[in-house]
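Hi,

Here is the structure I promised to pass on. Have a look at it first, and then read my notes below.

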Amino acid sequence: MQRVGVFVCWCGSNIAATVDVERVADVLGREPGVVFATHYQYMCSQAGQELIQNAIHEYDLTGVVICSCSPRMHEVTFRKTCERAGLNPYMVEIANIREQCSWIHKDRESATEKAVILGRAAIAKVHLNAPLTSGSSPVKKRALVIGGGIAGIQTALDIAEAGFEVDIVEKKPTIGGKMTQIDKTFPTLDCAACILTPKMVDAAQNEKIHIYAYSEVTSVKGFVGNFRVTIRRKARYVDETKCTGCGLCTEKCPQKKIPNEFNLGLDNRRAIYIPFAQAVPKVATIDPAACTMLKTGKCGVCSKVCTAGAIDYRQKDTYVEAEYGAIVAATGFNPIKLDKFDEFAYSQSPDVVTSLELERLMNAAGPTGGTLLRPSDGTHPKTIVFVQCVGSRCDDAKGKPYCSKICCMYTAKHAMLCREKYPDTDVYVFYIDVRTPGKNFDEFYRRAVEEYGVHYIKGMVGKVVPENGKLKVQASDLLGGRQLHIDADLVVLAAAIEPDESARPLATMLTASMDTNDFFTEAHAKLRPVESPTAGVFLSGACQGPKDIPETVAQASAAAAKVIGLLSKDSLVCNPCTAKPNELMCNGCSSCEKVCPYGAITYLDKEFRGPNRTVLLRRVAQVNPAVCQGCGACTVACPSGAMDLQGFSNQQILAEVDAICR
Amino acid sequence: MPVTETFQPTIVAFCCNWCSYAGADLSGTNRLQYPANVKIIRIPCSCRLNPLFILRAFQRGADGVILCGCHPGDCHYTTGNYYARRRMTLLFSMLDYLGIERERTRVEWVSAAEGAKFAATMQEFTAAVTKLGPNRRLEDLRCRKD
Amino acid sequence: MKFSYFPGCTLKTRGKDLDRWGRASAEVLGFRLEELPEWQCCGAVYPMAKDEIATRLSSVRALMAAGERGGELVTLCSACHHVLKRVNLDLERDETIRDRVSRYLELETPYAGETRVLHYLEVLRDRIGFEKLAGKVVHPLRGRKIGAYYGCLLLRPSREMEFDDPENPRILEDFIRAIGAEPVIYARRNECCGGYCTVENSAYAGRQVDRIMENARSCGAELLITACPLCMYNLRENASNGLPVVYFTELLAEALGIKEAAT
Amino acid sequence: MMETIRRISGVNPRKCMKCGKCTASCPAYDEMDYHPHQFVDMVESDRIGELMQSRGIYLCLSCFACVERCPRSVEPAKLIEAVRLAVIRQQGMDHLTPDQIPEKLDPALPQQAITSAFRKYRK
């Protein structure tokens with residue numbers, strides 16, 4: 001029997017207010033095998049940890065039970081504490097009496113009773129704990145960044161800067177992401193292209209960085225330090241190594257009426273195209289859905305005009321397999337589709353545009369050459385109405401329940417730029433709340449109001465009616481106590497943003513968790529904001545939640561720092577809670593091997609002593625502890641009960657069951 | 001079986017470490033109440049749950065057992081919850097055969113972000129089990145003393 | 001194809017054209033509307049308050065009668081459709097209302113909204129198909145620029161009515177195309193005509209109608225169609241300078257070539 | 001009183017985030033004294049007496065534009081209906097009486113207009 005010490009934490013008043021900690025310590029102190037039990041205000045504090053260490057020495061403890069917060073919070077802390085006192089760290093069990101007891105119950109009596117039962121279960125388990133030693137596994141010193149927007153580029157540059165190899169996988173023909181479509185950036189109004197394109201070029205020229213543009217991740221296997229990833233390189237029908245990016249093909253292609261996604265369909269491109277002048281890599285791509293040659297076998301104009309001989313109509317998708325130590329998700333965001341919000345007449349009038357479309361309409365490289373003109377008739381709009389929170393903060397299925405965070409600031413920017421470039425325009429912004437927490441953000445918004453004379457109106461637009469070339473806007477002015485009717489020329493909708501649709505399948509491949517809105521979940525909302533709960537997977541940019549550019553860049557660099565920390569290790573300590581077969585009971589049936597998702601189980605023909613001094617050769621399972629991740633699927637699959645999971649053994653779990661049901 | 005108003009069922013919840021245990025923690029962090037009858041046992045993955053554990057719980061006097069894991073497709077170990085789902089389906093037909101009411105066992109998928117769902121599930125499950133009254137205890141005849 | 005049919009009061013009196021041409025066209029298109037025996041007025045407005053039970057009963061009776069006769073109830077009048085559909089949902093979703101209705105009507109098994117309520121236009125779209133309808137048109141209304149006027153009751157609240165996109169509906173536009181005419185899309189086609197407030201204050205209804213008419217006219221409409229007798233009244237009687245308005249079933253009959261034959 | 005209104009309407013005014021989209025959508029704005037967002041706010045702050053004096057409760061068209069467009073599913077129209085019911089359910093508080101009808105009667109007026117007016121305006 002172990003000599004168990006029980007330590008009940010008050011967690012200030014978090015536990016002690018609802019659970020009678022003294023009684024818990026007292027009752028648990030009388031459990032079999034418990035030689036010491038106490039309670040203390042903050043067990044995780046230095047003084048609390050010393051208390052545990054002293055008790056280990058003084059009472060010669062062989063097992064420790066801590067009744068405190070969730071093991072997801074401080075299990076590691078307390079394991080280290082015990083290790084420092086010479087106790088094997090896996091001789092510690094945590095009873096979660098905060099998240100799963102004091103915080104969810106109000107009645108002191110029943111909460112105390114439950115805390116005692118949870119403590120008993122932990123004591124019952126720790127009696128069956130065995131010291132475990134961690135093995136180690138090597139780290140592949142290469143990182144993969146999925147998504148080539150500003151988040152992915154920044155992460156890759158920082159990782160490369162530290163001397164590690166890094167690959168970027170981008171599904172579009174060029175890296176750069178959303179920021180390439182943005183005209184100016186708040187709160188300084190510098191041109192987005194001017195600050196982004198040098199970074200794109202840096203990434204392309206950095207010898208540590210390899211860019212797989214127009215590519216997608218199709219499978220991820222393995223685990224932290226040892227991921228094996230398959231990347232599909234989609235056929236561009238253009239040889240990337242030969243294409244010089246001269247653009248001649250994109251001028252000669254006879255298919256002229258393909259909506260240009262870079263300009264959000266506000267103008268057209270050809271079937272062979274380079275998204276924009278600063279694209280990286282600057283090579284042409286054939287759109288197979290639009291190309292006559294690929295569809296009918298007749299045309300071939302691009303091939304004829306290409307002096308480099310880069311066009312290859314028979315190109316096929318190719319697959320690359322590579323190994324990585326760490327993976328960063330940087331899949332970004334998109335504005336939502338507005339088809340469910342047609343009270344704003346988005347699909348009924350070309351003069352109702354999204355904010356991102358307005359970026360293109362104001363950009364010098366955009367469809368209007370940077371002059372703000374109405375898509376319907378090419379005239380200068382004189383009255384512009386901005387509507388905020390279109391689809392954000394909605395509690396129904398039409399929109400998103402969250403605040404999209406970036407809209408207040410970019411709308412202030414748009415309003416300001418409109419007034420600056422065209423002082424004769426009237427600009428109205430309808431808002432629910434103006435949210436400007438950020439350095440120099442509120443000042444920026446106030447400038448839009450005070451210096452630029454933008455009319456900010458607390459209220460919402462209810463209906464937009466296109467009539468006689470105008471957009472009749474019906475809106476509320478809550479502070480003015482009136483309903484407004486504005487004849488506008490242009491209406492700009494600040495559409496909510498949502499994670500890119502590639503994020504969900506990627507999360508499944510990475511076994512990284514997501515929230516109900518399909519944003520990646522971080523390992524800890526406050527203390528581990530750039531790590532996914534899955535070891536070795538990190539989060540960069542808006543795939544984790546709505547973010548503006550400065551925040552994205554900060555998180556991108558933070559994710560890079562975490563990756564560098566991981567890659568700078570030669571090997572990783574493995575989780576010792578791995579499966580272990582009892583060779584004497586194993587009958588070599590392969591059931592365990594079939595359910596193992598990691599291929600950690602192999603078989604060995606081993607000699608065993610039989611009766612009458614005979615030797616039997618038997619096939620028995622072997623688990624590679626460096627590969628086993630400890631899920632336990634094999635333990636249940638094993639028909640002879642030979643397989644067990646260290647740290648979560650059958651006996652340990654049954655002991656917990658018994659303690660709870662006692 | 002007499003059901004008294006003060007009947008407090010014993011409920012064992014097996015939660016996978018990655019999704020449901022974290023979801024349970026989140027309902028705590030958000031102070032979402034559920035009955036104290038529910039006691040959680042942490043397992044690495046829903047596929048670690050040996051159906052035997054549930055039978056043992058019923059032997060030792062549990063009135064309800066619930067298994068919570070990651071949503072299908074979201075398992076931290078890729079496929080664990082699919083195994084769990086199949087095994088539990090088999091166990092359910094066996095429990096039917098044994099005459100243990102279907103409502104006493106349940107499988108729910110709760111993600112790490114679904115604190116509210118965890119609390120609601122536990123409230124609902126406890127209410128359902130309370131309504132059924134105390135469980136007929138399974139007995140291991142080998143353990144009979146007389 | 002056969003459906004139970006709930007005409008409603010107005011279709012028996014002031015709105016006869018909506019009813020008559022609807023039934024006649026149905027025969028040509030291959031479905032029959034069988035009027036429910038002894039139906040009572042649906043009440044004309046949906047009782048929004050949860051504790052209004054008596055005002056829901058006549059709808060429940062009609063819904064149950066249709067339930068016994070094949071389970072599908074077709075309506076033509078927007079108001080009846082709105083009331084029947086929403087009361088049906090109440091019975092399906094609201095346990096308190098279901099229990100209280102059960103007790104009032106002394107039902108052995110409570111009615112839980114099993115009947116499916118369909119609008120005539122939904123039958124055209126989902127059961128007949130506008131393509132098939134177009135195939136039966138003998139007098140396509142070529143060159144006619146027609147604005148669809150939806151009003152409120154068919155579309156809102158969309159969560160319950162599930163009729164069409166509440167802000168940019170297309171079912172009537174598709175109908176107009178099917179009978180060979182050109183639909184004119186104008187944004188105010190789902191704005192309120194003033195409804196029953198016309199009884200007390202027709203000038204108020206007139207202001208609503210004028211805005212709708214102006215919008216429809218400026219977008220090029222020459223004629224409006226509607227599925228609601230009350231909208232029809234408001235649009236016709238309260239407009240200061242209105243476009244002509246007809247029921248959609250009249251145009252349907254015209255396109256199918258049965259209107260001429262009848263007159 | 002607030003509880004009665006909340007119960008019969010089934011509306012939780014606390015869900016309102018005060019965006020004003022209901023009032024922006026209201027086609028009867030110019031006719032009404034109180035506007036949809038005010039109904040929600042005044043029910044929440046228990047100022048129902050004032051709402052019961054309002055003539056706006058007879059001018060709401062029940063067009064459900066506010067219900068349709070509310071991003072928080074508050075359903076202001078149901079509150080307006082509940083306040084109107086609270087008034088007309090009182091003895092002698094009918095807003096419309098049968099003897100008022102003939103003078104309002106237009107031969108072309110559809111039955112449903114009168115039926116609805118009665119349903120909405122009297123008990």
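How many C-beta neighbours does Asn612(A) have inside 10 Å, and does that count as buried or exposed? Asn612(A) has 5 of them, so it counts as exposed. (Buried takes 20 or more other C-beta atoms within 10 Å of a residue's own, exposed 12 or fewer, and partly exposed is in between, with C-beta atoms placed from the backbone.)

Before the rest, some housekeeping. This is a predicted model, where local features need pLDDT of at least 70, side-chain atom pairs count only at pLDDT 80 or more, and totals for chains, interfaces and linings use all residues. Residues are numbered from 1 along each chain as its sequence is written, while chains are lettered from A and ligands numbered from 1 in the order in which they are written.

Back to Asn612(A): its phi is near 55 degrees, a positive value in a residue other than glycine. You'll find Asn612(A) in the loop between β32 (601-609) and β33 (615-623) of chain A. (Helices, H or I with at least four residues, and strands, E with at least two, are DSSP runs numbered from the N terminus.) Ser590(A) is not a glycine either, and has a positive phi of about 75 degrees. Ser590(A) sits in the loop between β31 (579-581) and α16 (591-595) of chain A, and is partly exposed, with 13 other C-beta atoms within 10 Å.

There are cis peptide bonds to look at too. One runs from Phe186(A) to Pro187(A), with omega near -5 degrees, and Pro187(A) is in the loop between β8 (184-185) and β9 (190-191) of chain A. Another joins Val280(A) to Pro281(A), with omega near 0 degrees; Pro281(A) falls in the loop between β15 (272-273) and β16 (285-286) of chain A.

Now the chain contacts (C-beta atoms, placed from the backbone, within 7 Å). Chain B puts 43 residues in contact with 41 residues of chain A. On the chain B side, α1(B) gives the most, with six residues. That side divides into 22 nonpolar, 13 polar and eight charged residues. (Ala, Val, Leu, Ile, Met, Phe, Trp, Tyr, Cys and Pro count as nonpolar, Asp, Glu, Lys and Arg as charged, and the others, Gly among them, as polar.) Between chains D and A, the contact takes 13 residues from chain D and 17 from chain A. Helix α2 (residues 21-25) of chain D gives the most to chain D's side, with four residues.

Cheers

Terms used:
Two residues are in contact if their C-beta atoms, placed from the backbone, lie within 7 Å.
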